[in-house]
Amino acid sequence: GGDHGVKANGDGWLLTVALLEATSLPPVSCGSVDPYVVFSCNGVTRTSSVQLQTQEPQWNEIMEFDAMEEPPAMLDVEVFNFDGPFDLAISLGHAEINFLKHTPTELADIWVPLEGKLAQTCQSRLHLRIFLENTKGPETSMRDYLNKMEKEVGKKLHVRSPHRNSTFQKLFALPHEEFLIADYACSLKRKLPLQGRLFLSTRIVGFYANLFGHKTKFFFLWDDVEEVEVLPPSFTTVGTPSLVFMLKSGRGLDAKNGAKSQDKEGRLKFQFHSFASFNKASRTIIGLWKTKSSAIEQRAKLEEDHGDESYDDLDDVQSMLSIGDVTLSKEYTVEHPIDADLLMGVFDGGPLETRTMSRVGCLDYTATPWEETKPGVLERHASYKFNRYMSIFGGEVVSTQLKSPSEDGDGWTVYDVMTLRNVPFGDYFRVHLRYDVRSVASSEPPSCRCEVLVGIEWLKSSKFQKRIARNICDKLAHRAKEVLEVAGKEIASAMSGSAS
């Protein structure tokens, strides 16, 4: 139940990660652990399968990332313990792999020590083979990238000479594919201004100074930059405007020796001033940063849209709603002092349903109007996202629902088939929920009895069906209970308000 075997698409920088094994993972409960690994790069994630009850898992899985226009700088890795898609995921350890600090040979067979209290206590490690390939070739990639940057920056960017590029790469110990875009003489603001040179490339911002043989050198990643700000001239910057790079919390610590300050949230600030042409430098720097930031957001959106496409071609309703094939268990029964037809308002697509679903943790809730598919049977589709309380993974739901009156005419049945996206093993199952809402005979004031039944339709076999089923049924039955309780309170409140 992961992304291993998913083939990369496109032309450009292809990232392939072979997840081989892990050693000495920390136990979570009763000495066992069920680990899986999540890889993140440029806003896109790939998830491995789960290995059951082992602290020495063997995966031997390959994950590929679609082609990127520019080389990625960082691969984030985190190992989790799996206990169901709706349980709080326990991190067993994490690591960051900086492509600029490892040679291709090192990446091709690397043991990565995991960070975090649990992992460091056990000296946990992850065995990976990482390959980064440029299918376009270096010259084509460089020209394409510079053309793209020129549109954002609004000025011509020239390819630097091979000698200039080579000097830059050696200065910061960078791989050969890292090409220089621009460099500027400027001063680094610390206690005393330090005159040096600022270098900009596809993945880094670097600074170098040599003052009477005392060398200062550091770089940080564009990916680590949270904000770039222009400050007006001041006495401390020798009457010139300056640029401030604010890094994300905990990032760029290798460059801390060049930082002007660090705030209480752990964000480093780097300030540069006294550029020969501030407008030219600032326009290029801000343009590069904006392009880099938007590229990651666009890749994440494309990945999300691609995931949506895979669900567009749904089976027809009759095959999808295979009601007779799924065993349902009764999870919840309650009686409300409300008329059954009034409570069914929580399924009518109006304000009551919108408010209720929002309060039980369903974000961006939308539902189509009910349409009659055959006599006495109405159908609609709903979609929403889980909040972090519902699932640590977030996740989305695509739901197909049928509504019909009960055979004896004393109430309604709503049948809901839910497809879960972006949760571990979401492609292994569909969730079937049934709401039975019946009027209680001769009750005064009118009341109704509600039952919630839940079942799992397995699309793929799995060793841990019982665990997933228990986790899903418990969580979604509780949410269904909340839906009816919140709707009941909303209706009761509205009735008491109108009575007064």
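In this predicted model, Arg-203 is placed in the loop that runs between strand 10 (194–201) and strand 11 (204–211). The residue has a relative accessible area of 0%, and because buried means under 20%, Arg-203 is classed as buried. Two polar partners were found for its side chain. A polar atom of the Arg-203 side chain lies 2.7 Å from the backbone oxygen of Pro-72, and the side chain of Glu-178 makes a polar contact with that of Arg-203 at 2.6 Å.

Aromatic rings were examined next, and a search of the whole structure returned 19 aromatic pairs. Tyr-36 and Phe-82 are both buried. In the pair of Phe-245 and Phe-272, the ring centres are 5.8 Å apart and the planes stand at 85 degrees, which is over 60 degrees, so the geometry is again edge-to-face. Here too distant parts of the chain are linked, with Phe-245 in strand 14 (residues 242–247) and Phe-272 in strand 16 (residues 268–273), 27 residues apart. Phe-245 and Phe-272 are likewise both buried, and they belong to a cluster, linked by ring pairs, that also includes Phe-207, Phe-218, Phe-220, Trp-222 and Phe-270.

Charged side chains were also located over aromatic rings. Arg-125 lies over the face of Trp-111, at a distance of 4.3 Å from the ring centre, while the charged end of Lys-403 is positioned over the ring of Trp-412, 5.4 Å from the centre of that ring.

The largest cavity has a volume of about 90 Å³ and is lined by 13 residues, among which Phe-347, Met-357, Tyr-365, Gln-401 and Asp-416 lie nearest its centre. Two or more lining residues are contributed by each of helix 8 (351–359), strand 20 (377–386), strand 21 (396–405) and helix 9 (465–499). When the lining of the largest cavity is divided by class, it comprises 7 nonpolar, 2 polar and 4 charged residues.

Notes:
Residues are numbered from 1 along each chain as its sequence is written. This is a predicted model: local features need pLDDT of at least 70, side-chain atom pairs count only at pLDDT 80 or more; totals for chains, interfaces and linings use all residues. Side-chain values use heavy atoms; hydrogens and water are left out. Rings of Phe, Tyr and Trp (its six-membered ring) pair if their centres lie within 6.5 Å; planes under 30 degrees apart count as stacked, over 60 as edge-to-face and the rest as tilted. Buried means under 20% relative accessible area, exposed over 50%, partly exposed in between (1.4 Å probe, protein chains only). Helices (H or I, at least four residues) and strands (E, at least two) are DSSP runs, numbered from the N terminus. A charge sits over a ring if NZ of Lys or CZ of Arg is within 6 Å of the ring centre and within 35 degrees of the ring normal. A polar contact is a pair of N or O atoms within 3.5 Å; within protein, one must be able to donate a hydrogen and the other to accept it, and residues adjacent in sequence count only if both atoms are side-chain atoms. On a 1 Å grid over the protein atoms alone, a cavity is a set of points where a 1.4 Å probe fits but cannot get out, and a pocket is an open set with protein on both sides within 12 Å along at least five of seven lines; lining residues have an atom within 4 Å of a point. Grid points are joined across faces, edges and corners, and a volume is the space filled by probe spheres set on the points. Ala, Val, Leu, Ile, Met, Phe, Trp, Tyr, Cys and Pro count as nonpolar, Asp, Glu, Lys and Arg as charged, and the others, Gly among them, as polar.
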